[in-house]
Amino acid sequence: MSGQRKGNLQKALNVFGPFIGLIFVIAIFALIPEIQDRFLRVGNFKSVATQSVIVALGALGMTLVVISGGIDLSAASNIALASVISAYAINAGAPPVAGVALGILVGGMVGFFNGSLITKLRLVPFIITMSMMGIARGAAKWIAGNQKIDAPMTWVNEMMAKSPRPSWLLMAPGIWIVIAFAVVMAVVLRRTVFGRHVFAVGSNESAARLCGIRTDRAKILIYTISGLFCGLAGVMEFSRLTVGDPTVAVGLELDIIAAVVIGGGSLNGGEGSILGSMIGVLIMSFLRNGCTMMGWPNYIQEIIIGVIIIVAVSLDHLRHHKEA
Amino acid sequence: MTDNSAAPVLRMAQVSKTYGATRALDDVTLEVRRGEVHALLGENGAGKSTMMKILSGAVAPDSGRMFLEGRPYAPVNPLDGLRRGISMIYQELNLAPHLTVEENIMLGRELQALGWLDRRAMKARVREVLASVHHSEISPEALVGKLSVGAKQIVEIARALLNKSRIVVMDEPTSSLSDEDSARLFEIIRGLKAQDVSVVYISHFLEEVQKVADTYTVLRDGRNVGSGTMDGSSLEDIIQLMVGQKFTEMFPRVPHEKGAVAVSLKELKGVRMASAVSLSVAKGEILGIAGLVGSGRTEMLRTMFGLDALESGGLVVSGAATAKAAPWTRIKQGFGLLSEDRQGEGLALPMSVADNVTLSANAPYLRHGLLSLARQQKAAADWIARLNIKARSPLQKVQGLSGGNQQKVALARLLHQKAEVLLLDEPTRGIDVVSKAQIYEWMGELARQGKAVLFVSSYLPELIGVCDRIAVFYRGGLVDVRDAARWDAQSLMAAATVGRAPGV
């Protein structure tokens, strides 16, 4: 009986661990008198959420990849490529819907190549996706002729607007898209056979194969989904910048991975959650936001985020150690 | 107590250790004399491992004292224990596969000259120590990852010997060794005794213990329930001490009847098999597969299941010929494989009991494409009860279970997926006597239900005790198949070690 209760407590801690971290970060800035007013404003929360959209979309796919025991270093390049593709298509006169679809599709294709190469060549994801990082970035620059692509303003550019056009939306459409997909992916991970297979591949790939799981197919699907989310993130990047910029989001893949890890994802595979990753994204966004308000230089933010990752992962490690 | 009046080289007195709510060791006393082989016996979870962890210095006891050659001994960590002359050889080999034999043996004790590694001196030391265990054929330059399991075991032992140990602890040293390698190990143990080194020997193979040990101590539920000399005790006495009750039947038999042919192998040859094999197994039959490690038994099962690529030939499954197939196709055809590598391949250790049991057949829990977690857990709870698995709940992670219970979870997965042809590779390796008997009983029950069971084992008595027919592999090929009644331990051993057996 007490074992059961302890189990529930453990479970609650697992879910709320990152959440407590988020509240802690918000509370710290909320207690600093100089920025208290500005920081706690609803408008500020909205803008933090809007700034989180791109990393959050990347993290949705990355969570699957990390749980399966892999890594996707090409995420940020893929985002840049998709933003360029969307801009290029719309600039060339394609209807906005087609531009958006094309961006997402190209992102998915890059992911599909990642998954196929990893499974067919039997190479580690780090190597393949690191190579793809260069390939996708290069392709983006090539297509864009090594400069920004201007595109006419369309509804696409309102996806990231802080004050959305139909005002009853309250928040940028991009935020709603993230929330919707987060719910879908959480259900997929926890309640579908595919989700179960993602965990199984990350926990023990040989055991998964022994259980009749088509591990190669699962992995290709995982990287394709990650690519599709990067494509969508790229569209959001284009929406925000109103141009297709092949040099955007350099290094963003590390922010995405950091968010997943802060949220309880294990690079050894088998662990992670959508909710955790989303909280990880918010922790990083609020930190950046608060630091900027304090007028702290960029390097301070970088140091703080580095420290936060170490603290989050050690706490996680400690908790697991206790459990075992 | 023993008739040896010499003072013990090691005395662990009134040692207790509690983990959370579990009392792992309760006031246990253990005495080991100089130059003796002392068997530490008990079921899984009896406290043997905790006892040895305390001895090595990996774990500190809550209370109790230890004396080494009369002097107080309280190691703060394993290195400390090593320095005082206690070496551990674990069941899972602790070797670095990418390093050479020499580098592994000298690891942490590298010889230096003027700050540079003195390779020549180290190689000489390694050659010396390998020669002392009569294994000079192992090259110091060989990569450990490329050695056979038996040779790796020798490297582990060599490392322990280099340490000038007073006491060598061997935890299930033969569980992955062939009989030939085991015999060599016993030779080495006799050599250690001659050098006045004491050995604490942990094993589930009681016959082997009887051969190699001088004295024994039995632990049950964290208590010392008896010690004695091997000469003065029968196996039955020891088993009874271990299980705490009168142990009625080592090999419980469930009557079953042989039916139509379930699967036949037609000149089946996988890429890792030395030669093609033709064999068939019927519904309601337990077919034993004997042979040394590396004789091709495991490779045959893996080829049948599609885990190893097929080179030629094929399988006839309930009348229909099938050639190449992947594991998921074989599962659909009713096959289920229990891996010999329980932790590395058989189970997803970080996942729950419920997930592991249902992993290969999720379909019954799907409602509109979504898994019903409640139903899944209920089904798992059902299997936990049926196989008498000691787990706190279906949500407990498999890594927290004992070896015997982990194996039952792996077996439950095959039963849950309703496998009709069960390929069981060393299903009783490293698990306790009671769990073993339960698994034998389940195999009989499966045969009674008309399922075909292939049972690979290195332990001949269990093959003879459980199987209807036994096939023997030797050097990659099938040499003989007979009814179990027409085999005995000698003829099986002869077939497995020289490739032919006298007719019975």
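Predicted model: local features only at pLDDT ≥ 70, side-chain atom pairs only at ≥ 80, totals over all residues.

Is α5(B) largely enclosed by the rest of the structure or largely exposed?

**Entry 1, the helix.** I counted burial along α5(B): 12 of its 14 residues are buried, so the helix is largely enclosed by the rest of the structure. The buried set includes B:Ile154, B:Val155 and B:Ile157, and also B:Glu156 and B:Arg159. I then looked up what these buried residues pack against: β6 (86-89), α3 (101-105), α4 (119-132), β9 (167-171) and α6 (179-194), all of chain B.

**Entry 2, helix length.** I checked the geometry of α5 (residues 149-162) of chain B: at 1.5 Å a residue it should span 20 Å, and its end C-alpha atoms are 20 Å apart, which agrees. After the helix comes B:Lys164, with a positive phi near 55°.

Next I turned to chain B against chain A. I get about 2,100 Å² buried between them, with 64% of it on carbon and sulfur atoms. B:Trp328, B:Leu359 and B:Leu371 supply 27% of the area that chain B buries there, more than any other three residues. The contact draws on 28 residues from chain B and 21 residues from chain A.

I found 1 salt bridge across the interface: B:Asp355 meets A:Arg196, N to O at 2.5 Å. My polar-contact search gave 6 residue pairs across the interface. On the chain B side, α11(B) gives the most, with 4 residues. By class, that side has 15 nonpolar, 9 polar and 4 charged residues.

Note on methods:
Residues numbered from 1 in each chain as written. Chains lettered and ligands numbered in written order. Heavy atoms only, no water. Contact = heavy atoms within 4.5 Å. Buried area = accessible area lost by both parts, 1.4 Å probe. Salt bridge = Lys/Arg side-chain N within 4 Å of Asp/Glu carboxyl O. Polar contact = N/O pair within 3.5 Å; in protein donor to acceptor, adjacent residues only side chain to side chain. Nonpolar A, V, L, I, M, F, W, Y, C, P; charged D, E, K, R; others polar. Expected span 1.5 Å × (residues − 1). Buried < 20%, exposed > 50% of the residue type's maximum accessible area, 1.4 Å probe, protein only.
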